[in-house]
Amino acid sequence: YYLEAFYHEQGTEHTDYVTEHYLQHLAHQVPNLNQQLWANDRHDPLLDTQVTKDERAALAANLYDTPSFLVGDTGSTPTRRLGETTTAQDIDHALQQTLNAKPRPTNTRGPQSQPNHL
C-alpha cells in the first residue's frame with residue numbers, strides 16, 4: 001500500500017516534496033500499519049547504512065536516473081544501462097540482445113527418453 005500511495009501521490013520531479021509530513025501522510029493510509037514500529041524502523045541505523053551502500057553501488061554503476069536498469073548476465077559486467085527515458089520496448093530489446101548473445105547449452109547426456117503415456 002505504501003509504495004502504491006507514494007507512486008500515486010508523488011510530486012513534481014526534482015523538487016523537495018518528500019518531507020516528513022508527506023511520508024507520515026502516506027503511512028496513515030496503510031491499513032493495519034503499526035505506526036510506532038514504522039517510525040522506529042525508519043530511524044534504524046542499519047537502514048541508513050544499507051541505503052548509503054546502495055547509493056554508492058548505484059553511483060559506481062553510473063546509475064543516476066530513476067528508474068534505472070542494468071542488463072546482463074548475473075555476476076558479470078552489465079552490457080546495457082537503461083535510464084529514465086527507457087521504454088518497455090527498450091528493456092525488451094536489451095534483454096533479447098543479451099539472451100541472443102549467450103551460447104546455448106549443448107546436450108551432453110545424449111537423447112532424452114520421452115515419458116511413456118498410456
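A pocket is taken here as an open set of points on a 1 Å grid over the protein atoms alone, with protein on both sides within 12 Å along at least five of seven lines, and its lining residues have an atom within 4 Å of a point. The structure is a predicted model, in which local features need pLDDT of at least 70 and side-chain atom pairs count only at pLDDT 80 or more, whereas totals for chains, interfaces and linings use all residues. Residues are numbered from 1 along each chain as its sequence is written, and side-chain values use heavy atoms, with hydrogens and water left out.

The largest pocket has a volume of about 560 Å³, a volume being the space filled by probe spheres set on the points. Of its 15 lining residues, Glu13, Tyr64, Asp65, Thr66 and Pro67 are the closest to its centre. Asp65 itself belongs to the loop between helix 4 and strand 1 (69–71), helices (H or I, at least four residues) and strands (E, at least two) being DSSP runs numbered from the N terminus. Beyond residues up to four places away in sequence, Asp65 touches Gly83 and Glu84, where contact means heavy atoms within 4.5 Å.

The second largest pocket holds about 180 Å³ of space and is lined by Leu23, Arg42, His43, Asp44, Leu47, Asp48 and Val51. Helix 4 supplies the largest share of this lining, three residues. At the start of helix 4, a side-chain oxygen of Asp44 comes to within 2.8 Å of the backbone nitrogen of Leu46, while just after the helix Asn62 adopts a positive phi of about 60°.

Key
A polar contact is a pair of N or O atoms within 3.5 Å; within protein, one must be able to donate a hydrogen and the other to accept it, and residues adjacent in sequence count only if both atoms are side-chain atoms. On a 1 Å grid over the protein atoms alone, a cavity is a set of points where a 1.4 Å probe fits but cannot get out, and a pocket is an open set with protein on both sides within 12 Å along at least five of seven lines; lining residues have an atom within 4 Å of a point.
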